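Subject: Structure handover

Hello,

Here is the structure I promised to pass on. Please open it alongside this note.

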Amino acid sequence: MSRASGTSSAPVETTAPCVLVVHGHFYQPPRENPWTDELVREPSAAPFANWNERILAECYRANAFARIHGSSEEVRGVVNNYANISFNVGPTLARWIERVDPITVERMAAGDQAQVRRLGTGGAMAQVWGHPILPLCSPRDRRTQIAWGIADFVARFGRKPEGMWLPETGADPATLEALIEAGIEYTILAPEQIAQVRAPGGPWKPVNRDTVDTGRGYRFVHGDGSGRSIALAIFDGPLSRELAFGTATRDSESFLATIKACADRSGASGSRLVLAASDGELYGHHKKFSDLMLAHALTAGAVKAGMTVTNLGAFFRAEPPTWEAELGKGPLGEGTAWSCAHGLGRWMRDCGCAMRSRDESGWSQAWRGPLRTALDRLRDETAVLFQDIGGELFDDPWAVRDAFGTVLEASPDVRAKFLVKNGRGALKKGRDQAIDDALSLMELSRASLAMYASCGWFFDDVAGIESSLVIRQAAYVLDIWKRFGPRPPVREFRARLAEAKSNIREAGTGADVFDRVARHRTTSVEVAAAIAFDEVGRKGAGAHRPSLLAGHRLESAKAELGVVKGKLTVRNERTGVRETLAYEARQRGPLTLSAVVGKTKLDLDDLPDELRDPIAIALVERLAGAERISARDCRQAIALLRITAGAGTHLDPLFQELVASLLVRLLAQEGANACKEESLAVVAELLEALPPGQRFESQRRVQEWLWIGCERLRAGGKTVGVVLRALAGKVGIAVDAVGVDPAVEARR
């Protein structure tokens, strides 16, 4: 428990003004399939389609529209929390939010501008683009990651960033010097990352996480002798732990009382800074309703408590840091971070940091080293390819890559225009092949940067979701590599990953993870097949076309019932490359589709999740409303839905509704034939696919159906078979009691 956790909710008097900055670090790893740029369904996030959408609703949008309720629970105000906090939003996350809910990103930008008007500077900070651990990046990648983070910030917030968030606050002198060189004025660090401090003109004084005074700002001076520096805001460690694990977010009074107690620990002269920094998802997602608490505390509560709510840019303008700070080097001199007690070990080796202790799990994180080595080698080999190909297209390919961040999210045509302007030779002349090569080369480099998202090493196993994401980005890098002719080093990469052994025997090694995620690959052939399946199976209802591979039908004509033929042009939105393909699709039965695209034969099951799932769901929806369905159709539908649901043990609400609809249709259709064994078996499967809460009403219908069927069998002098008895037992029907008069039975 922190020193702040035992404070009373009564007001605490401080001896100097208390300046409060609440910082939220808003970030999710890029979960999109890199071949399609789409998220797949995640049943565990129900009732939302995936966890990004759930966190958007519970946190990102909730903080854009935080309610303040009156005594009668009516909404008395709606507060944009982004207008009162310091915050950063990861570029890859902001990109996704903008695609699905642009109003939330607009509210973030509006909140920043509101602070510019009120305080003279905004509360938004930039973030390093792909959330890598910067001290572990190559110097070139570190420079590009910073440049792209700045470019993304300028595009979203319309101004140059003053501050920049370092992923996991990972820092070493080279990292802070790179920020200084990029024009960044301040960043945030953890108290345990500071080794010593000194007052102006005074001697250096060693400090640790418990003795460093977080109530003032510090300067880190560039080592080149120029005198350039960056301001460091050190967040209050006990406070941040209390916010995450204690009760300080219970209500605004508790929150502000804890803040005042923290201010009292500082010996800084003038205003005493209290910086509460945490993952932004804490406010509303990790801790329900804390977005509402924050809205009240930073508007009404702080004013009554005599606190000044500000942002770091405004604080540093009012209180320019004069004390200097030196960074801790970490146990092995690699640097430090806020989420590893062993320097940067969590992203390199089995340092002991894990979500569950080794005593609890028995697991090892020795896989981290081989994963890091495999990606680093692939990065270096990709850099050689980038230099070789890029040298033919640009005078300075690395400088062009740094500047490419300004058009990273633009259309292929805009990106192509940028590259032509900065190109040489055939590219400068606008030759199509050179343009396609340049776009593909930048996409190769973008993916090689994306594969370093820090979450890939943070958790406990190489077969976990987050590690799979970075390995999937690497598989995508190797796929793009094929365009340039030289053999991609797939075999060598897999061999290195094979040394990363999962703690789950069935999961194998990192090489097995690679093989699994490589099956997420989506090609233009598969996109063409999906559109063809949509046309023949869904009667042109509108195929789901992933934004990365946009298909456009040129011509299509039905040759006969259940068959469509045509040609399709598919364009990769990242590389701009177009491909025209001939296709023919057939439907044999309500759920059976097949196609030939070019010379490739595909069934619905051959498509990746993002393409297959919408078509499969639509087919099952049509089947549930069909005039007649068969038991075989229902069995196929269950199989389709289970595949679509992924690895979850239960179907999500959408699929539960479809299963219940199929069950009702089958029972109504088979009312006179309850003795058919195939129908009985499928009814049992449909029931088992439903969760207990959804099963109750359906089970009552099955009971009634079985009762009638048994009565008819008895009336015809037939016996009740084994399969029927088994199903009756599952739904609580006493078969031997069917046809017995209860009054007669009672007299016995």
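This is a predicted model: local features need pLDDT of at least 70, side-chain atom pairs count only at pLDDT 80 or more; totals for chains, interfaces and linings use all residues.

Residues are numbered from 1 along each chain as its sequence is written, and side-chain values use heavy atoms, with hydrogens and water left out.

**Cavities**

A cavity is a set of points, on a 1 Å grid over the protein atoms alone, where a 1.4 Å probe fits but cannot get out; lining residues have an atom within 4 Å of a point. Grid points are joined across faces, edges and corners, and a volume is the space filled by probe spheres set on the points.

There are five cavities of 30 Å³ or more. By class, the lining of the largest cavity has six charged, five nonpolar and three polar residues. (Nonpolar is Ala, Val, Leu, Ile, Met, Phe, Trp, Tyr, Cys and Pro; charged is Asp, Glu, Lys and Arg; the others, Gly among them, are polar.) Helices α2 (91-100) and α15 (432-450) each give at least two residues to this lining. Helices here are DSSP runs of H or I with at least four residues, strands are runs of E with at least two, and numbering starts from the N terminus.

The second largest cavity has a volume of about 80 Å³. It is lined by 13 residues, and P30, A453, L469, V470 and Q473 are the closest to its centre. Helix α17 gives the most to this lining, with five residues. The classes here are eight nonpolar, three charged and two polar.

**Cysteines**

The structure has zero disulfides, a disulfide being a pair of cysteine sulfur atoms within 2.5 Å. C18 is buried at 4% relative accessibility, and C340 is buried at 8%. (Buried is under 20% relative accessible area, exposed over 50%, partly exposed in between, with a 1.4 Å probe and protein chains only.)

**Sheet**

Six strands form an open, mixed sheet in the order β7-β11-β10-β14-β8-β9. Strands pair if DSSP finds at least two bridges between them. The edges are β7 (186-189) and β9 (205-206), each pairing on one side only. Strands β8 (194-198) and β9 pair antiparallel over two bridges. Q196 has P206 in β9 as its bridge partner.

Best wishes

Definitions and conventions: On a 1 Å grid over the protein atoms alone, a cavity is a set of points where a 1.4 Å probe fits but cannot get out, and a pocket is an open set with protein on both sides within 12 Å along at least five of seven lines; lining residues have an atom within 4 Å of a point.
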